[in-house]
Amino acid sequence: WVAHLVDNFSFPALGHFQPVIWFGIISAGSRLLCIATTELVRRRLDMKRHRQVAWVLLVFTALLSASVIVFGLAGSFFLALAALWSADIFRYVRVPIFRAWQTQSIDPAVRATVLSIDGQTDALGQIGGGPALGAVATFGSLRAALVVAGAILAPALLLLVRAGRQGQGAVPAAEEP
């Protein structure tokens, strides 16, 4: 995101400060927005309602994808900033929801194995996807790589729709060890 902002936008004047001050503002703003959104979601989302959690994950993933694509295509600094902040919010708030939902939904006898496979799959995706997106950026453009990165999330949407349709109305209470 830093390279995209530096290469494709002029930073608005902020007194006599250098653009590096904008990076501090962007990071601080992102964290504050993520904290506020996480708290709002924590208060409103019933993690025991499987379909509700699946729907929230579906919406957040779709909005994350759209935000990344808009960030890549943005023509103005402030649109890029709004898209970047939106992507950060949906990325960072979605992770703990997904992890809690996943943990609740997996049989305790195989939970460690499933979580391990999930981590390994994520790492393999980064190992394979990172260089592929780098190639798109190198031989195409950084904007194209960002659009592709947003579009890569589409299969996750299909899986979340399926999970929401197949899931129970509520997640059973965890058994005490």
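This section describes the fold, cores, aromatic pairs and salt bridges of a predicted model. Residues are numbered from 1 along each chain as its sequence is written, and side-chain values use heavy atoms, with hydrogens and water left out. Local features need pLDDT of at least 70 and side-chain atom pairs count only at pLDDT 80 or more, while totals for chains, interfaces and linings use all residues.

The chain contains seven helices and zero strands. Helices (H or I, at least four residues) and strands (E, at least two) are DSSP runs, numbered from the N terminus. Along the sequence the pattern reads α-α-α-α-α-α-α. The C-alpha atoms fill a box of roughly 60 × 35 × 25 Å along the principal axes. Of the 177 residues, 28% count as buried. Buried means under 20% relative accessible area, exposed over 50%, and partly exposed in between (1.4 Å probe, protein chains only). The chain exposes about 10900 Å², and carbon and sulfur atoms supply 67% of this area. Accessible areas come from the Shrake-Rupley method with a 1.4 Å probe; for residues, only the protein chains shown count as cover. Among contacts (heavy atoms within 4.5 Å) with a separation of 6 or more, 70% join residues 24 or more positions apart.

The largest nonpolar core has 19 residues. Such a core is a set of buried Ala, Val, Leu, Ile, Met, Phe, Trp, Tyr and Cys residues joined through side-chain atoms within 4.5 Å. L45, V53, F60, I97 and W101 have the most contacts inside this core. Two or more residues each come from α2 (20–44), α3 (50–73) and α4 (77–105). Helix α3 gives the largest share, eight residues. Leaving aside residues up to four places away in sequence, L45 touches Q52, V53, V56 and I97. Another core, of 14 residues, lies apart from the largest one; L5, F9, I26 and A83 are among its members.

Two further buried positions were examined. T61 sits in helix α3. This threonine is buried, at a relative accessible area of 0%. Beyond four places in sequence, T61 touches R94, L153, A156, L157 and L160. A145 belongs to helix α6 (residues 142–151). With 7% relative accessibility, A145 is also buried. Beyond four places in sequence, A145 touches L133, V136 and A137. The C-alpha atoms of A145 and A135 are 8.2 Å apart, at a sequence separation of 10 residues.

A nonpolar surface patch is formed by F17, V20, I21 and I25, with about 360 Å² of accessible area together. Patches are made of residues with over 30% relative accessible area and no salt bridge; like charges are joined within 9 Å, nonpolar side chains (Val, Leu, Ile, Met, Phe, Trp, Tyr) within 5 Å. I25 lies in helix α2 and is partly exposed, at 33% relative accessible area.

Eight aromatic pairs were counted. Rings of Phe, Tyr and Trp (its six-membered ring) pair if their centres lie within 6.5 Å; planes under 30 degrees apart count as stacked, over 60 as edge-to-face and the rest as tilted. The ring centres of F11 and F23 lie 5.4 Å apart with planes at 65°, so this pair is edge-to-face. The pair links distant parts of the chain: F11 is in the loop between α1 (2–8) and α2, and F23 is in helix α2, 12 residues apart. F11 is buried at 19%, and F23 is buried at 18%. F77 and F78 are also edge-to-face, because their ring centres are 5.3 Å apart and their planes meet at 85°. F77 is buried at 7%, whereas F78 is exposed at 51%. One aromatic cluster comprises W1, F11, W22, F23, F77 and F78.

Four salt bridges were found. Each places a side-chain nitrogen of Lys or Arg within 4 Å of a carboxyl oxygen of Asp or Glu. D88 and R91 meet at 3.0 Å, N to O. Both lie in helix α4, three residues apart, about one turn of the helix. D88 is buried at 11%; R91 is partly exposed at 31%. D118 and R99 meet at 2.8 Å, N to O. This bridge links distant parts of the chain, with D118 in helix α5 (residues 111–139) and R99 in helix α4, 19 residues apart. D118 is partly exposed at 22%, as is R99 at 37%. Salt bridges with shared partners join E39, R42 and R43 into one network. R43 is exposed at 64%, and E39 is partly exposed at 27%.
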